[in-house]
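This briefing covers one protein chain, from its overall make-up down to single residues. Please keep the structure open while reading.

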Amino acid sequence: VSCIILVSGHPQSLRIDADGSRLFASNYRGAVSVIDIVDHCVNVVPGACYVQQVDTADGAFIYAAGNVANGGGCDGWITVADAESHRRCHCRTRRLCHHRSCGGPRRQPGIRRVVPTERYYQYDAGLVGVIDTATNAVVHTIDLGAVPDAITVTQDGSMMYTTHYDHKLVSAVNLGSYGVTPITLGDSPLGVSLTPDGLQAYVTNSCSLSVIDTVANEAAQFAVGDLPRCVRISPDGKHAYVSNFGDGSVSVIDTIAQCVTDTVDAGGHPEALAVSPDGHHLYVGDYWSGTVSVFSVQP
């Protein structure tokens with residue numbers, strides 16, 4: 001470990017911007033910690049109690065999903081924050097739906113008009129909303145037939161993968177035709193990470209790790225540490241890093257040979273992960289200690 005950084009709350013999601021200058025650590029208690037990679041200075045973007053956040057390609061804005069109580073129900077919101085000033089852009093905050101829970105946004109690359117995707121749901125009416133970032137309006141909804149949780153989009157913006165925890169499956173969505181293909185896992189999925197070529201999808205489940213062949217749309221179990229919680233892929237796509245919450249380790253997977261090549265003792269309870277754009281540093285968020293550890297790795 002080369003450095004340990006104290007952040008706000010319990011880090012459950014780590015994102016690094018395109019140029020590798022800032023790390024965003026978000027948590028369920030309503031804040032995003034913005035960490036300067038060079039001097040490790042930490043600023044906090046306050047917000048609603050959201051599950052995920054994503055920054056734009058130019059790093060100018062952060063899109064955060066949130067839930068706001070409204071009478072006896074709960075409204076889903078997207079908050080757009082100015083990343084430089086670390087303040088919310090109230091004039092651009094948009095309510096998405098009534099009495100529904102709102103979850104994590106994902107950018108759709110390669111399309112200027114529609115950038116992030118946003119899921120929202122009510123019981124088993126699983127809908128995904130597509131947002132026009134020029135107007136902050138929902139311009140299309142995709143019916144998945146089951147409650148969506150985590151959302152991941154391929155680098156070319158052609159496919160989207162959503163997890164369905166209660167149904168133990170992942171939906172593969174063609175973003176051109178909006179066709180939906182269900183992929184059965186046998187365990188409850190938590191999140192999906194894709195290799196840069198989009199040919200493999202690594203899925204952390206409640207008690208296991210699955211690897212999906214995205215051409216055949218078939219999943220296979222993969223042995224790692226205890227209670228895998230997050231997967232991040234190296235920029236060159238050759239390695240996958242898996243945080244194992246249960247035994248305090250990070251598994252390093254060779255994505256070509258499909259085997260674990262190393263196990264790093266991270267200590268504590270590692271959950272969130274991020275990899276620097278050059279592949280030289282791995283950031284590990286420890287849930288209970290509220291810290292982010294920086295590891296040097298070989299790309």
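A contact here means that heavy atoms of two residues lie within 4.5 Å. With residues up to four places away in sequence not counted, Ser293 touches Val1, Cys3, Ile4, Leu282, Tyr283 and Val284. The model is predicted. Its secondary structure comes to 30 strands and zero helices.

**Whole protein**
- The protein has 299 residues, and buried residues make up 54% of them.
- Of the contacts between residues at least 6 apart in sequence, 37% join residues at least 24 apart.

- Ser293 is placed in strand S30, which covers residues 291–296.
- Ser293 has a relative accessibility of 10%, so it counts as buried, the cut-off being under 20%.
- The contacts of Ser293 include Val1, Cys3 and Ile4.

**The open sheet S20-S21-S22-S23**
- Four strands, in the order S20-S21-S22-S23, form an open sheet with antiparallel pairing.
- Strand S20 (189–194) and strand S23 (218–222) are the edge strands, each pairing on one side only.
- On average, neighbouring strands of this sheet are turned by 25° against each other, direction ignored.
- Five bridges link strand S22 (residues 209–213) with S23 in the antiparallel sense.
- In this pairing, Ile212 stands opposite Ala219 in S23.
- In a regular strand, side chains alternate between the two faces of the sheet.

- Strand S24 (residues 228–233) is largely enclosed by the rest of the structure, because five of its six residues are buried.
- S24 and strand S25 (residues 239–244) run antiparallel and are joined by five bridges.
- Pro228 stands opposite Asn244 in S25.
- Five residues lie between the two strands of the hairpin, and Gly237 takes a positive phi near 80°.

**Cysteines**
- How many disulfides does a search of the whole structure find? The search finds zero.
- A disulfide is a covalent bond between the sulfur atoms of two cysteines.
- Cys207 has 57% relative accessibility and therefore counts as exposed, since the cut-off for exposed is over 50%.
- Cys259, with a relative accessible area of 34%, is partly exposed.
- Cys3 is among the residues that Ser293 touches.

Terms used:
Residues numbered from 1 in each chain as written. Predicted model: local features only at pLDDT ≥ 70, side-chain atom pairs only at ≥ 80, totals over all residues. Heavy atoms only, no water. Buried < 20%, exposed > 50% of the residue type's maximum accessible area, 1.4 Å probe, protein only. Pairing = 2+ DSSP bridges. Disulfide = S-S within 2.5 Å. Axes fitted to C-alpha atoms, helices over the stretch in contact; angles between N-to-C directions.
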